[in-house]
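Biologist: I'd like to learn how to read contacts in a model like this. Can you walk me through it?

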Amino acid sequence: MTYTQEIQNKARELLGGGQVEVVIGYEVGPRGRTRPAFVYDPQDVERLVWNQACTHNLTTYLNDHLKPKHPEKKQGANSEARRVAVVVKACDSRAINVLLAENRFERQQLHVIGVACEGILEDAGQAGNERSAHQLVTNDPPQYQARCRHCNERTPLVYDTLIGKPESHLGTGPNPARPDAYQRLQTMTPAERAEFWLSQFDRCIRCYACRQACPMCDCPTCLYERDDSLWVGMGIGLNEKRAFHLGRAFHLAGRCVGCNECERVCPMDIPISLLNRRLAQEVEAAFGHRAGIAPVPAPFVTVLSNPGG
Amino acid sequence: MYEPRIIGFLCTWCSYTGADTAGIARLKYPANLRAVRVPCSGRVSPELIMRTFDQGADGVLVLGCHIGECHYDTGNHRTAKRLPVLQALMTFAGLEPERLRLDWVSASEGERFARIVNEFTEAVRALGPCQWRQPANGRRHLDLRAASLETSLPERGGQP
Amino acid sequence: MKLTTHEELSSWLDSLAENLNLIAPRAVDGVPLYRPVQHSQEVLWDFTRPVLSVKEAFFPATERLLTIEKGNRQIRLIESLSEEPQVVFGVRPCDARGVKMLDALFTAAPGDPYYARRRANTTLVGLACREMGPTCFCTSMGGSPDDASNMDVMLYPIEEGYLVQAVTSKGQALLDNYALQSREHSTGQAEQKTAFVYEQAEKYPLPERSAWAAQFEDAYWDQVAERCLSCRICAYVCPTCRCFDVRDEALPEAMSNASPSGNGSSQFERIRCWDSCTGEAYRRIAGGHNPRAEKGQRLRNRFLCKFDYYPRQYALGSAACTGCGRCIDACPVNIDITEVMQHIAEVSQC
């Protein structure tokens, strides 16, 4: 049985038995693009697929779908709490741990369909064989995404149903034809680094797709979108854009799980994941914490156990 | 002549009082520091520090109580964890690390306060003016050769 | 129509770049955008279309409207209007059509001086598309990849070079003043330009304007919007989306007492920047009520504005969509305007 069939069967079972209200998975649209799908009816489960373009982190939809119907009551007292099923890859599953640690919803509200993913391709999110407007300077065939090349755990960390064989890392290593700037940035002078980031942020249009795609970015009013411009101005200028990206990266320190969707959705190909990677490295070095490995909160919300350490 | 503009976030209970102590003892320290009193160093958030640099500060000094002496018990624990991570981020983004410093000063340590401010001011002076802030509205690519909006402003102090 | 070669066109562009602000498609870290260029070698050829439309040249993402200087006894308002003459080269017909639709709003009385000044100072040099991209559908929206009607100069790429057509007197002046070398085309047939054959897999149905509001209560909007992220990509890449926010903000100099300004003045700016109805806070009003708190409501609004409200309010004579297809390429979750059009067309036939 293919992964697609397994997912469809599971969805049919969960929806038919009334165990969940909705299955959040993937479908293929008329242009051949894979996209998120919300299936409510067991008759509709044939919409669901699994393929190498299932790039979206579907856990970003969980906060909305699992909102308590009566927020004034304590979580456990919500006997009418919604239940949903969600299809996740290993990277997405780490986000579930972070959200659980932050008390967004309760574990029993979720039926996690975990897929031991075999890698997602770079042109995922674009139409089938068609080239995006960006792919004009290279004729390389699509490769695995950078996050897949560095993937260390293909089996989801959280699941109720596992599809595929638990296996260790896919990690085929970095693509030498496409070196990223991470190492290069470490060796630059401060002035060169500043210039690098300014030239990247120059293209940013503050569309907020990066923020909206992120499961962990869920503040009712984003600090950087306040009506009173308290922390950053409204303008789409260099200072503001840099403040937004750096500030958002900081707010995700110890929480970002490296799904890289923020970078994938950016219409301007800005390599913002470099910021998240730097902070993930720093948080691991300073606190021994990796986001999403277990449902424990990020180190900033706890007190020092070893002052001065 | 470049005089560094230093903003210091001083916590009410320890470091701000430490600054008072330095003043009472008539200790000399550079006048470049502009003190901003906060209830606790834990109030100093990353966006506050970033905005300070975006507004044109050449250096930012955050002084709190020694660990274990925070008036709010664990406020300075948060600062102790946050600032190094913020430092790593700002350095990665191109700010010289010497421009942001976190240290601990208690209410009675007037001399320590004066010494730290002196050291920090000289370190920032040695780096020259901070290039972090971009002109308001920044580099707007479509106006490459348009008259700079900054220079179209009237001279300060000119006739109304 | 005259014929010019690629080399002659390049040297004309060099000449323009030396004397004016020349904006042309350029790859910025691999991303194709309309940007200022200093030399014809920076220009990008042979690709479908830039990621952003040409509306940036008239309606920038951020613009200072006023500088406000508060003195001891006076407040001075200083307007900042752009004076720089600019030429945009390589404009796609879908983008030029979008500019025409923006004109309807920005030049309607009393008129927006910021937009109008840029518009008056800009010459549009169009470049016909040899073929349509996989997500292009301008021909379904009343446009065409070789439509010259909104340009000042139009170029048609053919095997021997480019056919040059001066569409307006402004365009003719640009050709003459910077001496574009050209000659009569040997066959002398204007129809040569229509040698392009725009094969397309599908033509998408364009529903009647009245069909859209009739579907106001359709559950379809909520269904499609479930996957919407409420970002602003679709509105920002669109040639005709035009909402903006205006705010007065303090300039940093205003807040620094370390370098006193002498007469106690402080400075502020009034800026405007792009905004989008897809954002959650867009319709939130004082008191906190938000009539479009749900994604389905916001998605519905964007499509109805595009196909009904804006055309009706400004008597556009067509839907406010030029069929450029950028939103289809850029939407992270594949919300597809052509699918929406098909749905409306289907249900309105019942």
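Predicted model: local features only at pLDDT ≥ 70, side-chain atom pairs only at ≥ 80, totals over all residues.

Biologist: How many residues does the contact take from chain A and from chain B?

Modeller: Chain A gives 31 residues and chain B gives 30 residues.

Biologist: Which elements give two or more residues to chain A's side?

Modeller: Helices here are DSSP runs (H or I, at least four residues), numbered from the N terminus. On the side of chain A that touches chain B, those elements are H6, H8 and helix H10 (273-287) of chain A. For classes, Ala, Val, Leu, Ile, Met, Phe, Trp, Tyr, Cys and Pro count as nonpolar, Asp, Glu, Lys and Arg as charged, and the others, Gly among them, as polar. That side of chain A has 22 nonpolar, 5 polar and 4 charged residues.

Biologist: At what angle do H6(A) and H8(A) pack?

Modeller: Axes are lines fitted to C-alpha atoms, for helices over the stretch in contact, and angles run from 0 to 180 degrees between N-to-C directions. Helix H6 (residues 190-201) and helix H8 (residues 238-251) of chain A pack at about 100°, with axes 10 Å apart. H6(A) and H8(A) are therefore roughly perpendicular (65 to 115 degrees). From H6(A), Trp197(A), Leu198(A) and Phe201(A) meet Leu238(A), Lys241(A), Arg242(A) and His245(A) of H8(A). That contact of H6(A) with H8(A) counts 4 nonpolar, 1 polar and 2 charged residues.

Biologist: And is the crossing of H8(A) and H10(A) left-handed or right-handed?

Modeller: A crossing is left-handed if the near helix is turned anticlockwise from the far one by less than a right angle, and right-handed if clockwise. For H8(A) and H10(A), the crossing is right-handed; their axes come within 9 Å and cross at roughly 35°. His245(A), Leu246(A) and Ala249(A) in H8(A) touch Leu275(A), Asn276(A) and Leu279(A) in H10(A). By class, the contact of H8(A) with H10(A) has 4 nonpolar, 2 polar and no charged residues.

Definitions and conventions: Residues numbered from 1 in each chain as written. Chains lettered and ligands numbered in written order. Parallel < 35°, antiparallel > 145°, perpendicular 65-115°, else oblique. Contact = placed C-beta atoms within 7 Å.
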